[in-house]
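Colleague: I would like to go through this model with you. Could you put it on the screen?

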Amino acid sequence: MGACHRELLHTAQEQEWSRGLDGRGEQRARTKLPVSSVGEDRAILLGFTMMAFSVLMFFVVGITVIKPYVNSNWENEASCVLLQAVTMEEWVDCRGVSTVPCLRVTVNLTDSNESALLHFNEESVFLASECFYIPKCQMERTELQDEVLKVKNSLDSQLGSTTSCFTDRARHPRDVILGRKYTFKKTLVALLWPCLMLVGGALLVGLVKLTQCLAHLCPEMGSEASVGRLTVTSRQGKLYRCFRRSIMQSPS
C-alpha cells in the first residue's frame, strides 16, 4: 500500500504539472492567435465604404424622388377629351438658361364638363404654367421649333379622342397632367439600390468578423482538447497500475 500511496502522490504531482502545461498551452495559443490578413482588412473597408455610399444614396434619393412623391397630390384620375393644341407666339423662359416655344393644349373634363390646361407631368406644371411640353434648353432655334411641331402634329391627330389624366383640385383646379412622373413603384425602384448596398456592406463586414472570431476560437479549443486528453490518459494509466500492484501484493 505504501507503493500505491507513492504512486497516487506521483499522479497528483503530474496533475499539477499538467495544469502548468495547460497554462503554458493557453499562453502559447494566445501568442499564436491569427492576425487579420490584408484581404480581411480590405473587405471590412469595402463593407464600410458600401454602407457610407448607401447613406449618401438615401440622401440623394430622398431629395430627388421621395420628397416630390410625398408632396405630389395628382392622384385623382379622370377622363379628358383633347380640344385644341396651339403653339404660343411668345416663347417662355427655360430654367433661366434660354427661351423655348410653348405648346398649349386644352382639354375638357368629362366628369365636370370643364375646360383645363393639359400638362405632360407634374414637373411641367411648375416649370411653365400654361405649356404642355417644353423642349430641352440650349438647343438651336430651328431644332426647338421642329421638335414642338412634331409634338403638335401628334396631338392634332388625336383631337376629339378621350384619354386618362390626373387632377389636383386643391392646388391646381385649372390644370391636369397626362401622366405622373413620381409614382409609388418608381419610388420603390429608386430605394432598391441603396437598400441592397447597405445590406451588402453590413453582410460583408459581419461575415469577416465572424470568420475572425472562429479563427481565434479554433486554436484555443484545440490546445484545451489536446492537454485534456493527455491528462486523462496519464491519470487512467497511473491508477490502473496502482490498483493492479495492490491486488498482486494482497494475500490470496
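Colleague: How many disulfides does the structure hold?

Modeller: There are two disulfides in this predicted model. One of them joins Cys80 to Cys165, with the sulfur atoms 1.8 Å apart. The other joins Cys102 to Cys131, also with an S to S distance of 1.8 Å.

Colleague: Where do Cys80 and Cys165 sit in the chain?

Modeller: Cys80 belongs to strand S1 (residues 76–87) and Cys165 to strand S6 (residues 162–168). The two are 85 residues apart, and the pair links distant parts of the chain.

Colleague: What is the hand of the link of Cys80 and Cys165?

Modeller: The link of Cys80 and Cys165 is right-handed, with 60° about the S-S bond.

Colleague: And why does Cys80 count as buried?

Modeller: Cys80 counts as buried because its relative accessibility is 1%, and the cut-off for that class is under 20%. Cys165 is buried too, since its relative accessibility is 0%.

Colleague: Now the other pair. Which hand does the link of Cys102 and Cys131 have?

Modeller: The link of Cys102 and Cys131 is left-handed, with -120° about the S-S bond.

Colleague: Are Cys102 and Cys131 buried or exposed?

Modeller: Both Cys102 and Cys131 are buried.

Colleague: What about Cys195?

Modeller: Cys195 is partly exposed, because its relative accessible area is 33%. Cys213 is also partly exposed, at 42% relative accessibility.

Colleague: Let us go back to Cys80 and Cys165. Which residue is in contact with Cys80 and Cys165?

Modeller: Val176 is in contact with both Cys80 and Cys165. Val176 lies in strand S7 (residues 172–177) and is buried, with a relative accessible area of 1%.

Colleague: What else is Val176 in contact with?

Modeller: Leaving aside neighbours within four places in sequence, the contacts of Val176 include Trp74, Val107, Leu109, Ala116, Leu117, Leu118, His119, Phe166 and Thr167. As for Ala116, its C-alpha lies 6.6 Å from that of Val176, although the two residues are 60 apart in sequence.

Colleague: And across the chain, what share of the contacts between residues at least 6 apart in sequence join residues at least 24 apart?

Modeller: The share is 75%. Buried residues make up 28% of the 252 residues in the chain.

Colleague: In what order do the elements run?

Modeller: From the N terminus on, the order is α-α-β-β-β-β-β-α-α-β-β-α. The chain has five helices and seven strands.

Colleague: Changing topic, how much space lies in the second largest pocket?

Modeller: The second largest pocket holds about 240 Å³ of space. Its lining has 15 residues, of which Pro68, Asn71, Glu122, Phe126 and Tyr182 are the closest to the centre. Helix H2 (38–71) and helix H3 (122–127) are the elements that give two or more residues to the lining.

Colleague: What is the make-up of that lining by class?

Modeller: The lining of the second largest pocket has six nonpolar, four polar and five charged residues.

Colleague: Which residues are in contact with Ser72, apart from its sequence neighbours?

Modeller: Ser72 is in contact with Glu122 and Arg180, once neighbours within four places in sequence are left aside. Ser72 is found in the loop between H2 and S1, and counts as buried at 6% relative accessibility.

Colleague: And where is Asn121?

Modeller: Asn121 is in the loop between strand S5 (114–119) and H3. With a relative accessible area of 13%, Asn121 is buried. A polar atom of its side chain lies 3.1 Å from the backbone nitrogen of Glu123. Beyond neighbours within four places in sequence, Asn121 is in contact with Ile177, Gly179 and Lys181.

Note on methods
Residues numbered from 1 in each chain as written. Predicted model: local features only at pLDDT ≥ 70, side-chain atom pairs only at ≥ 80, totals over all residues. Heavy atoms only, no water. 1 Å grid on protein atoms, 1.4 Å probe; cavity = no way out; pocket = protein on both sides within 12 Å on 5 of 7 lines; lining within 4 Å. Points joined across faces, edges and corners; volume = space filled by probe spheres on them. Helix = DSSP H or I, 4+ residues; strand = E, 2+ residues; numbered from the N terminus. Nonpolar A, V, L, I, M, F, W, Y, C, P; charged D, E, K, R; others polar. Buried < 20%, exposed > 50% of the residue type's maximum accessible area, 1.4 Å probe, protein only. Polar contact = N/O pair within 3.5 Å; in protein donor to acceptor, adjacent residues only side chain to side chain. Contact = heavy atoms within 4.5 Å. Disulfide = S-S within 2.5 Å.
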